[in-house]
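Here are my notes on the model, as promised. Have it open while you go through the points.

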Amino acid sequence: MHSLSPIVLVLLVAVLAVTACRSLRVPPMLGYLVVGFMAGPGVMNLIPQGEETEFLGEIGIVFMMFSIGLEFSLAKLKAMRQLVFGIGLAQVLLTLFLIGAIVWWLTGSPLAGFAVGGALALSSTAIVSKLLSERLEMAQPHGQLAIGVLLFQDLAVVPLLILLPAFAANSDRLWMDLGLALVKVVVVMSLLLVFGQRLMRPWFHLVARQRSGELFTINVLLVTLGIAFLTQLAGLSLALGAFVAGMLISETEYRFQVEEDIKPFRDILLGFFFVTVGMKLDIGVLLDRAGDIGVMLLLLLPVKLAVVYLLARLFGHRAKDSLKGALALAQGGEFGFVLLALSGNLGLISSPVEQSALAAIVLSMLVAPFLIQHAERICSRLIKQDWALQAVDLHQVLVQSMAKDEHVIICGYGRSGQSLARLLEAEGISFFALDMDPERVREAGEAGDPVVFGDAAKREVLMAAGAMRAKTVVITFADTHASERIIHVVHDLRRDLPVIVRTIDDSDITRLREAGADEVVAEVMEGSLMLASHALMVMGVPMSRVLRRIRTVREQRYSLFTGFFRGASDELDGIDDSDQPRLLSVQLVAGAHAIGMPLGGVKLDSLGVGVRGIRRRNVRLAHVAADSELLEGDVLVLLGRPAALAQAEALLLQG
């Protein structure tokens, strides 16, 4: 009977490590890497290290590549050919040459240089894709750059696996083997993309008609692993086959259901992959060969970072995007383990060199999450100004925003931003949008929308967009990190400018409010309200009662809504709303009458004006007591009728 104790211990350590990482806001994959190191042969030896363990971890990469494939289409892949076959090809060749030449000089063996250079030229698809996906950066320019280069690196594994044995055996059939491999790649990929595209939709139709969730999930696993198996038989990587499978399914209407079904398998197995990576760290090797490992790390991280950055700039990418892409790709990759193991077995490299390179790759993978997580901060320090491109961008923003006044600045022009823009247009309210997707900006600009390419987290861009004349800033994309940066910049410019933020669920509401957001709108909350309203009406509840119920919930949930609708009739058409309650932000500038007074002492309630919030030093105060002392710089959010608001503003500022 097998003991469950090692498995239970590993699961316990995994739960504790990942929980600690999330509490410290560190990428959870670091927890898995630590678990692998602790449970592997180097420390506690709880998990046996062998081919079966590594293969199970590789299946995690398969499902991750499948998920990435779901985000792509054939048209998108064709559009990225410059990234894949331009920068990707140049990066692999140049990195291999530079690192190979240095290793050749250090070891005196050109074959060792080629083997180590090829292994270190590859980056970690699993780490980069997972982190970019979690941070919602996959569609951003640096995310596209990283994914395009990673796709070519997966393709480059095939010729490298052919060249290493050929060099070791001094084969005179080298060019024939390479030609055969190229033909094999072209034939297999053509068959999958041409015939697979025609078969995938009817096959999924057939399975979906059976109306069985279990059968549908089994079919997803069959397609994912089946196509990966076919590419492996053809001498290609499992990961490349899984990517193609995901890309084929992305062309069908089942894409989103497939993505949900595959997520549990992907996350669990990918976590196990990171555990297997951590197992490769041997404390004895780290101590005995610290100097050699340090040399390998210096060859790996700075060289690859410089190569990717310079190539991206050469191909016309912005400095910031180039550096963020280079930081994402600076680490070693999982296929580097395969190439190093093969090179060691063939005698191309000595055991000490192999162990040092392996340790360097694992350590670089440990560093990678921090590089990606802090890429924005690193870029702001290293790239002070990209004057040529920035001047053009700011000029474009200034030209288009000059005519705007009392407008809304929309940060992010995706579906949410465009829906907001349509509603503002219907109310006759002007807006100006900033977005980081060049294609979306181009299409929206051609349609006549006031949207430009610009990073709303930059002070200069917000000023050019008219932040000093704007009435409100609305952040429409659900990225908490980016939202916090934008809120900070907005309040540095104008502490009285309201900021409204969108988020996915309620988990980040407190964090965003503490950062200074005037209101945070959670999609889950609004979706549940719409579901409830439809369900109540279907059950026969009168519409007026449903609207009152939804209104009450919103008043309780959103402080800015409180009091807006009380006393208003259910039918507003034809009613003059010029005297309806509204919001006004008043900043207590130096010399204001209310500075130093308790909030209750100002007696705003006697005017029929309520205080819906106070923002102090860019932080929104959740609870404001009547005896709270008002300070210079405080921004009071008032609610009342227009005439009363005017009196309240005069009372606060002049007395």
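1. Some housekeeping. This is a predicted model, in which local features need pLDDT of at least 70 and side-chain atom pairs count only at pLDDT 80 or more, while totals for chains, interfaces and linings use all residues. Residues are numbered from 1 along each chain as its sequence is written, and side-chain values use heavy atoms, with hydrogens and water left out.

2. L199 sits in helix α9 (residues 174-208); helices (H or I, at least four residues) and strands (E, at least two) are DSSP runs numbered from the N terminus. Is L199 buried or exposed? L199 counts as exposed, because its relative accessibility is 59%; the cut-offs are under 20% for buried, over 50% for exposed and partly exposed in between (1.4 Å probe, protein chains only).

3. On to the inside. A nonpolar core is a set of buried Ala, Val, Leu, Ile, Met, Phe, Trp, Tyr and Cys residues joined through side-chain atoms within 4.5 Å. The largest has 102 residues, and F66, F204, I249, V258 and M296 have the most contacts inside it. Helix α8 (residues 141-168) is the top contributor to this core, with 12 residues. Apart from it there is another core of 31 residues, including A456 and I550.

4. What does F204 touch, neighbours within four places in sequence aside? Its contacts (heavy atoms within 4.5 Å) are F216, N219, V220, V223, I249, Y254 and V258.

5. V295 belongs to helix α14 (residues 290-314). V295 is partly exposed, because its relative accessible area is 37%.

6. Cysteines: with a disulfide taken as a pair of cysteine sulfur atoms within 2.5 Å, the count is zero. C379 is buried, at 3% relative accessible area, and C411 is buried too, at 0%.

7. Overall, the protein has 27 helices and 10 strands, and 48% of its 655 residues count as buried.
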